[in-house]
Amino acid sequence: MAFSLTWLPIVLKQAGLKVSEVPGWQNRGSTDVGRIFGVVCHHTVGRRTGNMPSLDNLRDGDANLRGPKAQLGLGRDGTFYVIAAGRANHAGRGGFVFSENGTKIPIVNGNSNLIGIEGENTGAADDPWPNVQIEAFQRGVAAILNHIRRGPQFCIGHKEWTTRKIDPLFNMDKFRQSIGAILGGTAPIPLLIPTHDSQGRPTLRRGMTGELTRQIQAKVKVEVDGNFGPGTEAAVRTFQREHGLVPDGIVGPKTWVELDKVA
Amino acid sequence: MFGSSVIEIAIGLTFVFLLLSLICSAIVEIIESFLKNRATDLERGIRELFNQEGGGRLAVQFYNHPMINSLYTGVYKRKDSKRIRFWHYLWPTNLPSYIPARNFANAVLDIVLHPPAEADVVRDDEDTAPDKNAAAPLDAPALPASMQAIRAAVRRNFGSTQVGRALRTLTEQCGDDVDLLRANIETWFNGTMDRVSGHYKRRTQWVLFVLGFFLAVVLNASTIEIAQKLSTDATARSVIVAQAGVVASNPDALKANLESNWKTLASLGLPIGRSGGIPLINPFAQDSNWWSHFLFVSLLGWLFTAGAISLGAPFWFDLLNKFMVIRSTVKPHEKSLEEGSEDRQATPTQPLAGGTRLAHAGSASAGGSPAGGNGLVFPGFTPEPQFNAGPDAPDNESDLDEGDLPIETETRDDNLPAAEGGIG
């Protein structure tokens with residue numbers, strides 16, 4: 001039977017975010033979670049390259065710690081990877097006293113009572129968080145908190161949970177402020193990728209097929225078979241990185257403009 | 001919390017009983033389709049009706065009468081057998097499980113009017129058949145049979161036997177109306193059929209009990225141990241209640257097949273099965289409590305389970321639905337962690353989540369109200385179990401967290417799963 005957090009991708013998708021379900025996520029987890037009170041933000045300390053190089057590690061764990069290490073991974077392009085619907089080993093020893101309308105809610109078992117989100121980042125100064133990733137982080141956390149009917153104060157950083165940790169490097173107070181604005185409805189509505197560009201060409205992504213896919217494949221120099229598969233997606237990401245675009249592998253209006261420049 | 005968890009335990013037990021009953025019923029059905037015990041019950045009922053429990057001439061004539069013989073294959077041979085004993089139920093029979101009342105009445109009337117010369121079946125595929133038919137006495141003058149002829153035939157052919165007296169009673173009640181006599185005979189037969197059904201039901205209940213006990217021992221499904229587990233393990237409780245909710249809301253649940261019931265039962269995470277202590281085949285255990293545990297927890301629990309199974313699946317299905325209704329009325333008022341004890345309704349701190357998730361989830365980016373809860377009660381609110389629980393205490397895995405070492409493995413972009421959303 002699937003674990004409790006099967007609502008995660010639904011809630012995130014309805015918030016207009018890019019969501020990728022890691023196969024088997026519904027039944028992944030050391031056990032089921034307890035009641036969810038809030039969210040803990042982490043960074044992965046993964047590799048500098050790629051969109052979500054830490055994904056397999058978060059899912060399977062390693063010699064030090066078995067997976068899943070978090071319910072959600074957040075790629076550099078702002079895509080949420082849903083890893084587990086059950087309990088994950090993310091918070092560890094520590095504690096935090098949440099406060100709501102003057103009532104104290106002390107949490108000590110973060111693995112059971114808090115959702116862990118691992119943002120892909122090396123955790124070093126050479127790897128600034130891209131805007132698209134930070135914005136998706138805030139909107140994703142806001143969507144989760146809205147779903148469990150909690151305020152922005154129920155989002156904390158791992159460094160606030162325990163002094164053993166330094167992640168994430170960004171300012172949590174400002175982060176919570178932005179979440180508060182989203183929850184309060186004062187933040188601007190996020191812009192989704194348009195379905196067509198000015199010439200009427202559709203926005204293409206993995207899973208699609210056809211003549212336009214062939215054109216893309218020719219321009220990003222992969223095998224031209226008309227199937228927008230994982231290889232084509234990876235090549236599009238590389239192309240987007242080289243041209244200063246959001247490397248999400250989705251060929252929307254901006255990517256079409258850059259692709260048109262390629263002879 | 002108290003009242004609710006008691007209901008949840010009850011739901012859990014009811015659900016387990018329902019699944020076990022369904023499994024047992026399926027097994028009983030398989031056995032029944034092979035042994036056709038209802039046919040044996042019917043045979044016994046017919047013999048009692050004819051006052052020939054030992055299987056006399058009339059019962060043989062009846063079962064071999066063409067109106068009845070056409071309802072089954074083969075011929076009726078239990079001519080010399082004595083009373084029907086329980087071992088007759090252990091042998092497959094080819095006799096019919098049901099006999100239409102009309103066939104019964106026609107066959108009886110015909111036997112009354114034209115008693116066969118021999119208590120043998122006449123097979124038309126034998127060449128001698130026409131001769132045997134010709135040998136049957138045809139003393140009734142013409143059709144339609146008159147009541148006068150019938151009365152005479154009853155007197156002549158049955159005399160003052162019990163059946164004869166019964167038939168005489170029936171014929172005397174209906175003047176000159178043969179159709180009324182036929183209806184009377186059908187009523188007479190239907191009364192017996194009710195007894196056969198009752199007998200069949202009682203015996204099935206016993207079979208279910210025996211089978212249920214066997215299943216309980218094999219699966220080690222002790223009611224007491226399951227109840228203990230449910231009362232101490234909130235997660236197991238919530239899992240089983242969620243599963244029960246799915247089954248209870250499904251009107252076709254009673255038709256689910258053996259395999260799916262089995263899978264559901266296995267997925268519940270209850271102390272069913274023999275992975276732990278195996279009390280039956282470990283009689284030399286050093287544990288001094290072993291004997292009392294076996295006697296009071298295992299054996300008694302198995303007997304409880306068997307008794308519950310013998311009540312049948314429909315009973316447990318109805319009960320499960322009743323419990324679900326009770327639970328849904330109790331649940332929303334349950335106390336939660338941060339509410340004060342004196343006036344829970346007025347304390348505006350308890351955020352609610354659950355049933356309205358889909359309706360509300362989209363508003364995060366579209367200007368939803370500030371989260372954090374203001375005591376709103378949402379229509380159709382059906383909370384999931386864990387939403388009313390408090391924070392968990394530390395456990396043996398709560399200290400686990402990501403290692404401090406950088407992640408060296410790499411998931412390449414072309415190995416990432418496909419994404420959805422974000423376009424619109």
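Here are some exercises, each with a worked solution.

Before you start: this is a predicted model, where local features need pLDDT of at least 70, side-chain atom pairs count only at pLDDT 80 or more, and totals for chains, interfaces and linings use all residues. Residues are numbered from 1 along each chain as its sequence is written, chains are lettered from A and ligands numbered from 1 in the order in which they are written, and side-chain values use heavy atoms, with hydrogens and water left out.

**Exercise 1.** Find where D248(A) sits and work out which residues D248(A) touches.

*Solution.* Start with the place: D248(A) lies in the loop between α8 (230-242) and α9 (253-261) of chain A. Helices here are DSSP runs of H or I with at least four residues, strands are E runs of at least two, and both are numbered from the N terminus. Next, check accessibility: D248(A) counts as buried because its relative accessibility is 7% (buried is under 20% relative accessible area, exposed over 50%, partly exposed in between, with a 1.4 Å probe and protein chains only). Now list the contacts (heavy atoms within 4.5 Å). Leaving out residues up to four places away in sequence, D248(A) touches K18(A), D77(A), I193(A), E233(A), R237(A) and Q240(A). With K18(A), there's a side-chain to side-chain polar contact at 3.0 Å. A polar contact is a pair of N or O atoms within 3.5 Å; within protein, one must be able to donate a hydrogen and the other to accept it, and residues adjacent in sequence count only if both atoms are side-chain atoms.

**Exercise 2.** Count the disulfides, then look at C155(A).

*Solution.* The count over all chains is 0, a disulfide being a pair of cysteine sulfur atoms within 2.5 Å. C155(A) is in no disulfide, and its nearest cysteine sulfur, from C41(A), is 3.5 Å away. C155(A) is also buried, since its relative accessibility is 0%.

**Exercise 3.** Move to chain B and describe T204(B).

*Solution.* First the chain: chain B has 15 helices and 1 strand, and 43% of its 424 residues are buried. T204(B) belongs to helix α9 of chain B. With a relative accessible area of 18%, T204(B) is buried. Finally, follow the side chain of T204(B): this reaches the backbone oxygen of Y200(B) at 2.8 Å.
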